[in-house]
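Colleague: Hey, can you walk me through this one? I'm still new to reading structures.

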Amino acid sequence: MNRTVLSVGAVAVALAAVTGVAALTAPQEAASSAESVGTAARKPVERSTLVCPSPSTSDVAETAYEAFTPKGGPGKKGSAALYAAERVDPQDPGDGKDDSGGKSGGKSDSEESDKDKDKNEDDGKDKNPEEGAGGGDAAGKGNGKPFLSLSSPGTPVAAETDDSGAPALTGTADGPFAPGWTVQQTTTVAAGAGRGLQGTSCSVPDTSFWFPGAGTAEGRQDYVHLTNPDSTPAVVDLELYGKEGKEKAGQGSGEGITVPPHATVPVLLSTLTPEPVTNVTLHVIARSGRVGAQIQSSDRKLGGDWLAPAADPGPGQVLPGIPEDATAVRLSVLAPGGADADLKVQLAGKSGRISPAGHESLHVKAGMVTTVDLKGLIKGEAGSLVLSPAEDGDDAPDVVAAARVLRGKGSKQETAFIPATAPVQKRATAAGNTASGTTLALAAPEGGAKVRVTASPGSGGGSPKSTTVTLKAHTTKAFAPPRPADGKGGYAMTVERLSGGPVYASRTLEQEQSGVPGFTVQTLPDDRSTVAVPESAQDLSVLNDDE
């Protein structure tokens with residue numbers, strides 16, 4: 001009898017390394033299967049996918065992109081590139097193609113006029129000086145060329161556009177470009193709703209996202225951008241929760257939204273509720289396929305920013321990096337399960353953890369959004385919000401959380417969002433840092449930790465520079481990260497946890513505009529450059545039918 005012997009570890013390594021996903025085993029299951037599965041090893045991912053939303057429809061907006069992959073990935077051959085996605089009307093996405101073979105909701109390649117094509121090519125030459133070094137067409141539309149691509153790991157590549165019709169982007173990285181591939185998108189809006197600085201890290205597609213901190217109040221427009229990076233359609237449901245529970249449907253339906261292949265569908269959240277709601281939590285569920293999802297929030301008076309997905313539901317959450325000059329902090333929490341949650345609310349600051357006066361605890365009813373304005377929380381010292389179960393035990397309900405943060409006063413106020421984030425298991429990567437106006441916040445809410453921060457070369461040259469940071473238990477340290485020696489242009493940085501307890505990180509970019517303290521905050525979870533896979537010599541035999 002002929003048979004082929006396969007190792008469980010070999011199968012898992014192959015699948016996890018290519019997809020970037022490994023199956024997780026519950027602790028009790030892991031204990032019972034330790035003998036057959038063996039110990040877990042971490043292997044570099046071999047393929048990564050990212051999605052960047054359409055940056056802005058404003059005529060007075062300018063967007064800068066920076067892409068980066070740290071050195072050290074496996075192999076020598078590979079690539080990393082982003083391409084334009086088609087914008088589709090959410091009311092009529094169809095099947096992603098019209099009768100002539102183009103995608104619905106916008107011009108197909110055959111419908112685009114020669115004049116438009118010439119304009120796009122000219123714009124690419126004028127607006128993107130990185131063309132020869134990996135940058136693509138700045139308008140990014142209709143020519144099949146990459147908008148932004150890397151030439152080598154370890155060196156960032158930048159591009160920019162002021163096109164009000166700049167598209168969403170999707171793309172993949174493989175080989176040595178895959179582990180830690182990161183793209184930052186930062187937009188400056190000079191005037192109008194959402195004016196200020198808006199930034200987001202391009203996201204990994206998935207099937208479920210939670211967005212506490214959203215809203216449909218008058219004067220505010222929140223669009224969720226759903227982008228499909230794959231070659232088959234995705235079908236998405238949108239669920240909104242308010243202070244009374246799940247919101248009733250408005251004039252638009254959040255069910256069964258089709259996102260065609262390689263396309264993006266923006267949905268205005270106010271169309272999903274019959275009346276304005278100040279604070280809502282959005283749950284994005286892909287019932288088939290997968291999407292990237294981000295919310296762009298624009299307020300007539302308070303500026304705006306991107307709201308990234310919060311960390312997965314869990315009994316405790318950490319929101320790192322509230323700026324030292326924040327003038328208002330609004331915390332939004334939802335317990336999505338069937339049980340109420342009682343939480344301790346603490347701020348991990350420079351010297352340790354404190355409980356905000358009058359808000360030491362928070363009761364969150366199941367399925368209902370609880371919002372609290374933490375007045376006077378920040379007093380000239382950056383910090384991180386730490387939410388934990390009020391009582392010890394293994395049965396504490398899961399919650400999701402995010403904070404809206406304001407800086408400035410009166411008509412000069414600006415908004416940013418800090419969602420709860422996952423810890424840095426091994427390494428986090430942040431692109432798009434600037435020589436001035438960049439702050440890194442590192443929080444160690446449990447035990448102390450040691451972290452190495454490394455600045456990459458600049459997009460215009462320079463050499464890397466590193467520093468080691470020691471964090472005391474229960475504290476947050478906010479500081480200007482190292483900059484590349486003799487560097488020019490923007491740069492990337494990596495945050496590596498070397499030892500100690502869990503570390504949570506965020507990066508703040510600041511840029512004043514006509515007296516408005518523009519800022520944007522991106523949390524820095526692990527960059528998923530590696531995945532855990534089992535090591536085992538267990539015999540999986542495939543029998544041949546002819547024996």
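**A look around the model**

Modeller: Helices (H or I, at least four residues) and strands (E, at least two) are DSSP runs, numbered from the N terminus. This is a predicted model, where local features need pLDDT of at least 70 and side-chain atom pairs count only at pLDDT 80 or more, while totals for chains, interfaces and linings use all residues. Residues are numbered from 1 along each chain as its sequence is written, and side-chain values use heavy atoms, with hydrogens and water left out.

Colleague: Is Ala191 buried, partly exposed or exposed, and why?

Modeller: Ala191 counts as partly exposed because its relative accessible area is 44%. Buried means under 20% relative accessible area, exposed over 50%, and partly exposed in between (1.4 Å probe, protein chains only).

Colleague: New topic: salt bridges. How many are there?

Modeller: The count comes to 10 salt bridges, where each is a side-chain nitrogen of Lys or Arg within 4 Å of a carboxyl oxygen of Asp or Glu.

Colleague: Which residue does Arg407 form a salt bridge with?

Modeller: Arg407 pairs with Glu510, and their closest N and O atoms are 3.3 Å apart. That pair links distant parts of the chain, with Arg407 in strand S28 (residues 400-407) and Glu510 in strand S36 (residues 504-513), 103 residues apart.

Colleague: And why is Arg407 called buried?

Modeller: Because Arg407 has 7% relative accessibility. Glu510 is at 35%, so Glu510 counts as partly exposed.

Colleague: Which residues are linked with Arg407 in a network?

Modeller: Asp325 and Glu510 are linked with Arg407 in a network of salt bridges.

Colleague: What about Arg452? Which residue is its salt-bridge partner?

Modeller: Glu496, with the closest N and O atoms 3.1 Å apart. Here too the pair links distant parts of the chain: Arg452 is in strand S32 (residues 449-458), Glu496 is in strand S35 (residues 491-500), and they are 44 residues apart. Arg452 is partly exposed because its relative accessible area is 31%, and Glu496, at 22% relative accessibility, is partly exposed as well.

Colleague: You mentioned S35. Which strand does S30 pair with S35 in, I mean, in which sense do they pair?

Modeller: S30 and S35 pair in the antiparallel sense over five bridges; two strands pair if DSSP finds at least two bridges between them. Ala430 stands opposite Met493 in S35.

Colleague: Why is S30 described as largely enclosed?

Modeller: Because seven of the seven residues of strand S30 (residues 427-433) are buried, so the rest of the structure largely encloses that strand.

Colleague: How many residues of S21 are buried?

Modeller: Six of the six residues in strand S21 (residues 317-322) are buried, so to speak of cover, S21 is mostly covered. S21 pairs with strand S27 (residues 383-389) in the antiparallel sense over four bridges, and the bridge partner of Gln317 in S27 is Leu387.

Colleague: Last one: where is Asp340?

Modeller: Asp340 is in the loop between strand S22 (328-334) and strand S23 (341-348). Asp340 counts as partly exposed because its relative accessibility is 38%.
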